[in-house]
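Please look over the structure below before reading on. The briefing that follows covers charged pairs, the nonpolar core and a packing of helices.

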Amino acid sequence: MNRRELVGLLNGLMAGTSLATLVPDELFARGARLDRRGQGKGPFTPHQFETVSEIADLIIPGTDTPGARVAKVPDFIAVIVGEWYRDDEKSVIMGGLAELDVRSQRTFGKDFIETRAEDRVQLLTELDKELQSLKAAKQDTGKNFFHRIKGLTIYGYYTSEIGMTQELHYQVIPGRYDPCIPR
């Protein structure tokens, strides 16, 4: 449920409508919308979500610590893009995903997620080189797809429980606990 739905529901409740007056079909429909959101796809189609998942996992793969996919970074990206990004920011991500498939089709004859792992790495390496060229030329990178998706991946991973505790070894209360001891 987004803010608009919540405000509308609250307005209805304040205007005298109660949840009891909603017919079961309406309640079921609202629950189904919430359930679909729980899949973590946000504004993405299943194909786009799998592409985002693969990109995130290639940026931060699993090693001796879990990777981005295990840390649920794609779900984080779906929420940020779907609920927090403005339309112009969202179009950078959606356009970038489409362009990635176009590049992949042009180079390998397949969509990004259908190519071999080394082909996916090659495509992302090319995107990263283009991003580095923009940075070296001191050009604006705010509308660059790879800059956005890489930033979201890194931020999502290192603010996740897995990233904080297993990768960064962050302790909420550092040190050890010494109970009362005799002097």
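How exposed is Glu 99, in terms of relative accessible area? Glu 99 is partly exposed, at 35%. The model described here is predicted. It holds 12 salt bridges, and its largest nonpolar core has 28 residues.

**Salt bridges**

- Glu 99 pairs with Arg 106 in a salt bridge, and their closest N and O atoms are 3.8 Å apart. Arg 106 is exposed, with a relative accessibility of 61%, whereas Glu 99 is partly exposed.
- Arg 86 and Asp 88 form a salt bridge through their side chains, at 3.2 Å from N to O. Arg 86 is exposed at 52% relative accessible area, while Asp 88 is partly exposed at 34%.
- A salt bridge also joins the side chains of Glu 50 and Arg 69, with an N to O distance of 3.2 Å. Glu 50 belongs to helix H3 (residues 46-59) and Arg 69 to the loop between H3 and helix H4 (73-84), so this pair ties together parts that lie 19 residues apart in sequence.
- Glu 50 is partly exposed, with a relative accessible area of 31%, and Arg 69 is partly exposed with a relative accessibility of 31%.
- Glu 50 and Arg 69 belong to a network of salt bridges that also includes Glu 54 and Arg 120.
- Side chains of opposite charge can pair when their charged atoms come close.

**Nonpolar core**

- Within the largest nonpolar core, the residues with the most contacts are Phe 44, Ile 55, Ile 77, Ile 93 and Ile 149.
- At least two residues of this core come from each of H3, H4, helix H5 (87-108), helix H6 (117-136) and helix H7 (145-158).
- Which residues does Ile 55 contact, leaving aside its neighbours within four places in sequence? Ile 55 is in contact with Leu 97, Leu 100, Phe 112, Leu 124, Phe 145 and Ile 149.

**Packing of H3 and H6**

- The axes of H3 and H6 are 11 Å apart and lie at an angle of about 80 degrees. At that angle, H3 is roughly perpendicular to H6.
- On the H3 side, Glu 54, Ile 55 and Leu 58 meet Arg 120, Val 121 and Leu 124 of H6.
- The residues of this contact comprise four nonpolar, no polar and two charged.
- Two topics come together here: Glu 54 and Arg 120 are part of the salt-bridge network, and Ile 55 is one of the core residues with the most contacts.

Methods: Residues numbered from 1 in each chain as written. Predicted model: local features only at pLDDT ≥ 70, side-chain atom pairs only at ≥ 80, totals over all residues. Heavy atoms only, no water. Salt bridge = Lys/Arg side-chain N within 4 Å of Asp/Glu carboxyl O. Helix = DSSP H or I, 4+ residues; strand = E, 2+ residues; numbered from the N terminus. Buried < 20%, exposed > 50% of the residue type's maximum accessible area, 1.4 Å probe, protein only. Core = buried A, V, L, I, M, F, W, Y, C linked by side-chain atoms within 4.5 Å. Contact = heavy atoms within 4.5 Å. Axes fitted to C-alpha atoms, helices over the stretch in contact; angles between N-to-C directions. Parallel < 35°, antiparallel > 145°, perpendicular 65-115°, else oblique. Nonpolar A, V, L, I, M, F, W, Y, C, P; charged D, E, K, R; others polar.
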